[in-house]
Amino acid sequence: MATNVDDEEYDRVKEVKKFDESKIGVKGLVDSGITTIPRFFVHPPDVLSQLKPGSKIRPDLVIPTIDLSGVDSHHNRSLIVDQIRQACSSFGFFQIINHGVPLGVLDRMIESIKGFHEEPTEIKARFYTRGVGLGSIGVSYVSNVDLYNSKAASWKDTLRIKLGSKMADHDQIPEICRNEVIEWDREIKRLGEVLSGLMCEGLGVETWRLKEMTCLEDTTMLGHYYPKCPQPDLTVGLAYHTDPDVFTVLLQDNVGGLQVKYGEYWVDVKPVPGALIINVGDLLQIISNEVYKSGEHRVLANSSHEPRVSIAVFFNAGNKDDLYGPLPELISSEKPALYRQFTMTDFRTRFSKREVDGFLSNYYKL
Ligand code: OGA
Ligand code: NI
């Protein structure tokens, strides 16, 4: 029995470490038959009170679904650009349909990432790693990327694969999803170019502005697995955060649980078959001088019997030593720069030191 705060701290660290070293992930905890979650997964009361059904949820709101059909025709393109500008400056989130990625590719991707997480622990454990130097490792599997930094753990395991600019060696990628990940990389790179062009046009800057700034070069994929949680009202799937990137392309299966913050309220991102979810990250909020908004989001702990699978691809700037900040085209005496300039090296160092639920853009605010 812990008698003071220090003892409690010590117990928690020990418990977390034991879980980490077991390499079984939350999937392994569920498979072991637990009916209550370990204490280090329990979130503080202020977070839990916000998860309660009916608390600050706006069931009447939906993030926009934008149809990309005919994106290269002049008429359709200007309508699409308007919708994208609207979505990026309000929610910072939207879904796209008719995006050109075949349905079969989406299904195969979900199934193969699910397949990886459902492999025996011995196979997954070979990829289990965290800590310094992760940026240079092509493939890693871990439960809770920020396990040691966060106040409470989340009910999720993640397979991380480096895609661009230097993709993980193909033979490092788990065999069960190797071909699918290679195919995904190709499709999402192509789509990333289309999207960045549309987002630039929405800002009224040159179509290739972000591409020229190498904003499509550095890409990383996270394949998340959210198993059924025995006590979903005590924890989360993924804590409240914004993405530390330019933009993110997310594929989710049909289980649901992702929510976006809109003012004081949370809005469900309901699964739309065949759709991909796009969100603005911290860097694009800064580059756009806050014309676009980095969407705040979270994932509820999964209460469904089905595990939930989602795949996020983060687009980041490849040039590490160039200065990034609000685009000069978007700065005027009426609208001065809201952020100072910084290098990606600095941005990354700050990101790796903070918790996932902090807000990085505030650091660069003028
Ligand atoms: C993320 C993320 C959402 C999801 O990986 O940053 O927000 O639905 N994922 O898994
Ligand atoms: Ni995110």
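Start by selecting Tyr 226 and ligand 1: in this predicted model, a side-chain N or O atom of Tyr 226 sits 2.6 Å from an oxygen atom of the ligand. Taken alone, ligand 1 would expose 290 Å², and the protein buries 95% of that.

Then pick His 241, which has a polar side-chain atom 3.1 Å from an oxygen atom of ligand 1.

Now show the whole shell. Along with Tyr 226, His 241 and Arg 308, the residues around ligand 1 include Leu 238, Leu 250, Val 299 and Phe 314. By class, that shell has six nonpolar, four polar and two charged residues.

Next stop: the nickel ion, ligand 2. Select His 241 (NE2), Asp 243 (OD) and His 297 (NE2), its protein donors, which lie 2.1 Å from the ion. Along the sequence, these donor residues follow the spacing H-x1-D-x53-H. The two histidines link distant parts of the chain: His 241 is in strand S6 (residues 236–241) and His 297 is in strand S11 (residues 297–300), 56 residues apart. Are these histidines buried or exposed? Both His 241 and His 297 are buried.

For a last look, jump to helix H7, residues 178–203. Its 26 residues reach 37 Å from first C-alpha to last, close to the expected 38 Å. Just past H7, click Gly 204, which takes a positive phi of about 80°.

Notes:
Residues numbered from 1 in each chain as written. Chains lettered and ligands numbered in written order. Predicted model: local features only at pLDDT ≥ 70, side-chain atom pairs only at ≥ 80, totals over all residues. Heavy atoms only, no water. Helix = DSSP H or I, 4+ residues; strand = E, 2+ residues; numbered from the N terminus. Expected span 1.5 Å × (residues − 1). Donors = N, O, S within 2.8 Å, 3.2 Å for Na, K, Ca; no water. Buried < 20%, exposed > 50% of the residue type's maximum accessible area, 1.4 Å probe, protein only. Near = heavy atom within 4 Å. Polar contact = N/O pair within 3.5 Å; in protein donor to acceptor, adjacent residues only side chain to side chain. Areas by Shrake-Rupley, 256 points an atom, 1.4 Å probe, with all protein chains shown as cover. Nonpolar A, V, L, I, M, F, W, Y, C, P; charged D, E, K, R; others polar.
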